[in-house]
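Here are my notes on this entry. Please read them with the model open.

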Amino acid sequence: MAELGQLEIMDSGIMPPGHLFSWVDVDEHLTRLALAGEWPDWLVAADGWWDCLELVTKGAVELNMVKGWLDEVFGTGSAGWVDGDLMLGLDDPRTAEFTGLRVELSVNAEQPGGTARRRVPLLREKHITRQLAEPLHRPDAPTFADDVQLMAFHSFKGGVGRTVHAVAVADRLARSGGKVLLIDADLEAPGITWMHKEQGGQCDFTYEDFITLLQGVESNDFAAAVDIAAAYLPNQQAGHYASGGSITVMPSSRRVTLAPPRIEPADLLTPGRSVYFVTEALAALGARLGVDTVVIDLRAGASELSAPVLLDPRVQRVFVTTLSHQSLAGTELMVQQLGGKAPTIQGTDPATSVIVTQYRMDTHTAQADAARSMLSAALGAALQVPVETGGDDTESVDAALLAQPLLSPFREELLALPSSWDAVLDVISSCGVADGLESLLPVPAPHSTAGAAPGAAVDYGQLRRNLARTAGNLVYAEQSGLSSAGGFLVTEPLRRLLADHRTELPQALVVGAKGAGKTFMYAKACAARTWQRFAEQSSIRGVTVEAPIVPVLESANLEYGDLEPQDLRDAFASASGDMPQRNVTSSSISDRLKAGLGTLGGKDELGWRSLWLECLAMACGLDVSEQRTSEEALIELGRRAKAVFVIDGLEDLMQNLDSDTKRTALRVLLIDVLGWLRSLRGRPFGLVVFVRRDLVTGAVRQNSGQLLGRYDHYALHWSKDEALRLALWVTAHADALPKSVPLSGITDLSADELIDSLIQVWGWKMGSAKSREARSHLWVPAALGDFNGQVQARDVVMFLATAAKNSEQYNETVEDRVLVPTAMRKALLECSRNKIISVGEENKEIGRLLVHMQGLSHPVLVPFDLEQVELNVVDADLLIESGVFSKGADGRYWVPEIYRHGLGFNSERRARVLW
């Protein structure tokens, strides 16, 4: 077997090896000789075995000539005769006798007009031949299918920032409008896979799945594997880009245990296939998905897991290294070896690059300069000028530029990255990792331009009236949710819900507190009428599965406009149901469930599953009877139709889970019904259940965390940044911005862009720009947030409506922002009082405790002891869990500002906030 190694070339040639212990040492030395072109003319190939060395010759060769050459290259006395056989001696200190490998000669069939041995792009080639001194045969086509570009990130050692920079480049490409397939090809130590999974991303199809499917195809026909991959990968997109760009993630594996891969890319390079089968299949997959660039994060080191990709000269190879000697030396050697086996043709192939990471500009200047010089020489040697151009001075300038390594300065934040995709990208973005990498990009990233000059004078009074009116209508958004399918902010949970179900219908829980937007999202899904149209209106591209939305239950708070949920039930029943007449109503379904609460026991899980399925069947207009159960009716329906069932308003039925029957009923819906629907072949039905978190934890008392975690990426959480984004969207939607911001672009504004856009809404500070007041973008979420780090959407909208109305009295005096600081502070008081009421409606137990504290006859100063508010530790723990209390190091308790004012509590010093 032949393995590339560093050449120790002296003036007289390669030095003989110091020791020969086995056929492996013999193979290694013969390989080095072949690479240096120091084989004799008569030698064609060599194969080492455990008991012999086979030398393949062009014709008949004298054994004495062979012995003389072996003594010359392996050292005097290395070859000898034993019982008439020529032997190559091995070192064995156990005996003084001459022992070693028997040398056998065979005549090669490689004559003029014959066929040379097949070579494949591996670091260790199967056969040692004189061809090792020559580069691999170049691909027949100079580029990949549809001009898809493959970029491969590799490093000699792990922990140098390879994955970080691969992700940074993918993100920058997507931000510039590019479509990227990001592949975690590190089959032994995946990084991107963990990030994607921690974010809650789909992991239905992986790199290991792809190469496994490729192994089973005949010759070069990878169409079947590409077709299967293309059916699942659209569900695995990460992030959302206003530019129209996208990143589709292909994780390394679906395996839950750590183990070497069963099939490696090298296993695909079988006779009858292109030697570049792996890269051509990846490019074909990229073309099928419509991507511009395939970014591949490879296994570190001299690994055959990476070789089939690295040794295709059409691949843009990017090596990542630190300034440590071991990493630099290994990277230099890898670049040299690849330059010998698969050199880059200047002007034809993408140039190989090196990124030097983790250096400090203040202490590593000399080392960085030396490293760049060393690596530049290696990169330059790997570049070849096309023969037809002959090369000239201008070409040498181009080569110097292409061979210049890039520097990526040290950032402490990159030493301990967070776990999830979004969090990692936030760190990468804040560190500016991609800023110095634009020369690597297949296309240059666009640069922002200065905004247009300000226009005519602004009528702030009109803007405030616009915001007060529009935000006031949106406080209870479910009241107008069915009036139109447009006009809503596409939040990250909604985007994930839609993007994860591009080709399969959703079967998920959407969990959120009262006022988080559950009913509003439910209403907008109904208003869209179909799953595909809902995705289109949310700007989620690539949703191919088409199914009507079928409401089963709706909230009592939902008000109807030009469309009612009943219209959707009737339409589906007429098209696909058994009863063309007017379908059953939500009330009749609710009555059926109420009857079940009186007849079914708390342990009758099968009975509850049948009842819930009966409700789904009723919503579809199906006839359920003793002759045909609800299960049978739905199975029959699934053979001819698809549907996405949506359920909201469960709190109207189960406000208090005060019995085993109610808990069982809800638990069966959340777990068993979803499980039954998943078991149907082809998954003809989707089900999205909008439910409060406290109902989930009350119904699923064991493993509720696991259940919530499964659907956490769809949960309606409103963090600080999301609350700010909602505030900007509502103001823009109300046509209340002095300088307009496109609604469609708000979701994708960076944190800095978002903050800058909001300055015109509420100023830079809660006072003049030079005042010592808090910054407005920090003050608002701190005032409205709880101790769980959450801000409710309804609180944000109510705050905007109230603050805008309060600001109207300043129309003549304040004209540098829409919302006046004094008006904002007053708005918090009203929002706080409303918060106490809304939380009490959502959670009776929390509401009871809040009302108790409101009714205290003595003043309470925050922070306080439990005795002051007349509560016990159990009460306090419940309030801590709900984000209403926070316990200080001194044992005293705090309440958030959004609760404190409504409770009528005073504060002895500044409030405690999370931001």
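Predicted model: local features only at pLDDT ≥ 70, side-chain atom pairs only at ≥ 80, totals over all residues.

Is the crossing of H13 and H25 left-handed or right-handed? The crossing is right-handed.

1. **The H13/H25 pair.** Helix H13 covers residues 460-474, and helix H25 covers residues 720-733. They pack at an angle of about 120°. Their axes are 9 Å apart. Angles of 65 to 115 degrees count as roughly perpendicular and those over 145 as roughly antiparallel, so H13 is oblique to H25.

2. **Who makes the contact.** H13 contributes Leu 467, Thr 470, Ala 471 and Leu 474. From H25 come Trp 729, Val 730, Thr 731 and His 733. By class, this contact has five nonpolar and three polar residues. No charged residue takes part.

3. **The buried side of H13.** Buried residues in H13 include Tyr 460, Gly 461, Leu 463, Arg 464 and Asn 466. Leu 467, Ala 468, Thr 470, Ala 471 and Leu 474 are buried as well. The buried residues of H13 pack against H25 and also against helix H28 (793-807).

4. **Length of H13.** Does the span of H13 agree or disagree with 1.5 Å a residue? Its 15 residues should span 21 Å, and the end C-alpha atoms are 21 Å apart, so the span agrees.

5. **A cis peptide bond.** Please look at the bond that joins Val 862 and Pro 863. The peptide is cis, with omega about 5°. Pro 863 sits in the loop between strand S25 (861-862) and helix H31 (866-869).

6. **Glu 870.** Phi of Glu 870 is near 55°, a positive value in a residue other than glycine. Glu 870 lies in the loop between H31 and helix H32 (873-881).

7. **Ser 539.** Here too phi is positive in a residue other than glycine: Ser 539 has a value near 60°. Ser 539 is in the loop between helix H16 (531-537) and strand S22 (549-553).

8. **The chain as a whole.** The protein chain has 33 helices and 28 strands. Its C-alpha trace spans about 110 × 80 × 55 Å along the principal axes. Of its 915 residues, 55% count as buried. Among contacts with a separation of 6 or more, 73% are between residues 24 or more positions apart.

Technical notes: Residues numbered from 1 in each chain as written. Heavy atoms only, no water. Helix = DSSP H or I, 4+ residues; strand = E, 2+ residues; numbered from the N terminus. Axes fitted to C-alpha atoms, helices over the stretch in contact; angles between N-to-C directions. Parallel < 35°, antiparallel > 145°, perpendicular 65-115°, else oblique. Left-handed = near helix turned anticlockwise from the far one by under 90°. Contact = heavy atoms within 4.5 Å. Nonpolar A, V, L, I, M, F, W, Y, C, P; charged D, E, K, R; others polar. Expected span 1.5 Å × (residues − 1). Buried < 20%, exposed > 50% of the residue type's maximum accessible area, 1.4 Å probe, protein only.
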